[in-house]
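Student: Could you walk me through this structure? I am new to it.

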Amino acid sequence: MYVLKAEHSFDSAHFLANYDGKCGNIHGHRWRVVIEVQSETLIEEGQLDGMVIDFGDLKRDIKELVDYYDHAFIIQEGTLRKETLQNLLDEGFRIIELGFRPTAENFAKFFFTSMEKKGYNVKRATVYETPSNCAIYEKDGV
Ligand SMILES: Nc1nc2c(c(=O)[nH]1)N=C([C@H](O)[C@H](O)COP(=O)(O)OP(=O)(O)OP(=O)(O)O)CN2
Ligand SMILES: [Zn+2]
């Protein structure tokens with residue numbers, strides 16, 4: 001089995017609602033998203049001979065996905081009062097509302113399935129919240 005790994009990072013703010021501790025306050029991370037894709041075979045002709053996929057194409061697709069979340073305030077839907085949210089939007093802040101709690105685990109699954117939707121045979125998605133903490137989502141039995 002061949003495995004290719006590429007990554008891209010984004011900087012954003014978030015908070016964990018209903019969290020008893022410092023992470024309940026607004027804070028920022030450089031989220032590092034590492035994607036691994038797999039293949040039993042290699043392309044055997046042309047420019048891509050000997051490759052699973054061109055690293056450039058893989059990196060481009062990860063960046064395209066991840067860059068949307070860069071320099072935004074990421075919140076879980078329903079965790080800010082309507083007026084608070086409206087005031088932030090009126091101030092011109094870029095807010096991204098998610099249907100899930102913005103944890104490393106949920107982001108790992110989200111980026112895994114997003115890359116699958118782009119057609120990749122994804123082996124594993126790893127999301128680092130800090131240089132020493134990461135969550136991994138991977139297929140069962142792989
Ligand atoms: N399993 C998870 N635990 C926590 C998550 C998470 O996504 N999954 N997230 C957080 C917070 O977002 C927090 O920002 C990260 O926590 P922490 O490791 O405490 O971050 P620090 O680098 O600031 O830790 P220090 O050791 O105090 O420097 C919490 N938990
Ligand atoms: Zn955090």
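**The sheet and its surroundings**

Tutor: An open sheet of 6 strands runs in the order S4-S3-S1-S2-S5-S6, with mixed pairing. Strands (E, at least two residues) and helices (H or I, at least four) are DSSP runs numbered from the N terminus, and two strands pair if DSSP finds at least two bridges between them. This is a predicted model, in which local features need pLDDT of at least 70, side-chain atom pairs count only at pLDDT 80 or more, and totals for chains, interfaces and linings use all residues. Residues are numbered from 1 along each chain as its sequence is written, while chains are lettered from A and ligands numbered from 1 in the order in which they are written.

Student: Which are the edge strands?

Tutor: Strand S4 (95-98) and strand S6 (133-138), each of which pairs on one side only.

Student: In which sense do S1 and S3 pair, parallel or antiparallel?

Tutor: Strand S1 (residues 2-14) and strand S3 (residues 73-76) are parallel, over 2 bridges. His-14 stands opposite Ile-74 in S3.

Student: Now the ligand. Which residues are around ligand 1?

Tutor: Those near it (C-beta atom, placed from the backbone, within 6 Å) are Leu-16, Cys-23, His-27, Thr-103, Ala-104, Glu-105, Glu-129, Thr-130, Asn-133 and Ala-135.
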